[in-house]
Amino acid sequence: MATIWPLLLLFSVIFTAEAQQAEQPVIRRGSLLTPTGTNSSWLSRSGLYAFGFYEQGNGYAVGIFIAGIRQKTVVWTANRDNPPVPGDVKLHFTSNGRLVLQTAQGMETGIAGNTQGAAAASMLDSGNFVLYNSDNSTIWQSFDKPTDTFLPGQKLTTDEDMFSSYSATNQSTGIFRLIMQQDGYLAMYPVGTPPRLEYGYGGVGVSGEGPNVSLNFDADGRLYLLNGTGISIMNFTTGDTTKGVIYRLTLDPDGILRHYSLNMDQNGVWKVTWSNPKDKCDPKGLCGINAFCDQDAGCECLPGFKRVNKDSWASGCERNFDSKSCKSNEEVTGYTMETELRTEWQNDSYSILTSPTQEECGEACLGDCNCEAALYKDGKCMKQRLPLKFVRRNLSDSSVALIKVGTSPISPDPGVPKESKKKNRVDILIIGVSLLSFACIILAISGILFYKYRVWLYRNISNAL
């Protein structure tokens, strides 16, 4: 009798899963979507989630979005780093079971990996888009390939990760990464850096739990870590039994991991119910190279630098003056040192000197053609070249940042060679002088003609009298 209950439980789970699958709208081979018109997406049974085209930039992208709310929200994107597609493309579930994007020229791009042989597809009310084989078994699902957002029912296991989006309106890969580490910690890093402590920020976990820890997200909004034996070791949020509330977890473009909730019954908006880290300046590289994050002002360029891209800080800042190339036996002139207190950056120094004062450190950098900045701390002068990475203000740190800046600003048109600029100035001067000379000649001739006219007029008046 004891062995019957596990079997009944197993059959119950299978039956429930199949019943839920049967309730979902089934997408058959031959189905087609287009970006424009009424057939642009496949809806889930309730109409809450949709899989299909959404507007991005000057075209369209393919993904999953929450369609049943006032504030349409993208939660998954296919081929997120591909450019937007034009309005004449088609999303086709082919007769041989492939999900592909077809251009007007006949070019095809796979949407769901190698899905050859998929018999059907479905947009589930969980937000999961699933492809099935002929046995109704799942062969691909979007929940296994998160982009920047996690939904209830998803699980992040060891070495799995997701990446922030570039911006709120551009879902291509951004500059931050979330990973479930082998040591059991959920941690975040700037993209392109190794998972080491000096690059990480916002790490959460329990020491000693080791591998097989997973991030879990329940339908009631509860977010927590489970260890390898299935025991909950850390709660980030507690569950809420309020009906009509939906949830999502997003690694936002600013590098902050945020847990959102939205009450659909109250026609509400997304509210942040939990976030990590709390300090908006903690995400390393938030402002790009040669820039730092300020709690009040946000991102700012270091002295002597200007913003590269006005629409995004990801590219950081570049020098706002013309720098000279290093040549042997050439005196370093035309620079001064700017000071930023309690400022630090990634230590990639090429030379470390012992300096009694920060003034001597500044002089050492100023006289070194290769030195473009220096950090002075505890009697050490650490010389560094550009770029300066992960710059931030640290009120508890005694470091003094010394930045070499030019005494003359950069030319307003850096693309024109200096020789051309000089020639242009000479040409303008010549033209100006020529115009002035011509004006003087005209003025002189006018004066002579006016004088002769007055003499002629006087003579005629005298003869008349």
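Biologist: Taking contact to mean heavy atoms within 4.5 Å, which strands do the buried residues of H2 pack against?

Modeller: They pack against strand S29 (335–341), strand S32 (373–377), strand S33 (380–384) and strand S35 (400–406). Helices (H or I, at least four residues) and strands (E, at least two) are DSSP runs numbered from the N terminus. This is a predicted model, where local features need pLDDT of at least 70, side-chain atom pairs count only at pLDDT 80 or more, and totals for chains, interfaces and linings use all residues. Residues are numbered from 1 along each chain as its sequence is written, and side-chain values use heavy atoms, leaving out hydrogens and water.

Biologist: Thanks! Which residues of H2 are buried?

Modeller: In H2 (residues 358–366), they are Cys-361, Gly-362 and Cys-365. Because their arc around the axis, taken from the directions to the C-beta atoms, is only 100 degrees, they sit on the same side of H2.

Biologist: And what does the face turned away from that side carry?

Modeller: Glu-359 and Glu-363, both exposed. Buried is under 20% relative accessible area, exposed over 50%, and partly exposed in between (1.4 Å probe, protein chains only).

Biologist: Changing topic: how do S15 and S16 run?

Modeller: Strand S15 (residues 161–167) and strand S16 (residues 170–180) run antiparallel, joined by five bridges. They form a hairpin with two residues between them.

Biologist: Which residue in S16 is the bridge partner of Ser-165?

Modeller: Thr-173.

Biologist: Zooming out, how many helices and strands are there?

Modeller: The protein has three helices and 35 strands. Of its 465 residues, 42% count as buried.

Definitions and conventions. Pairing = 2+ DSSP bridges. Contact = heavy atoms within 4.5 Å.
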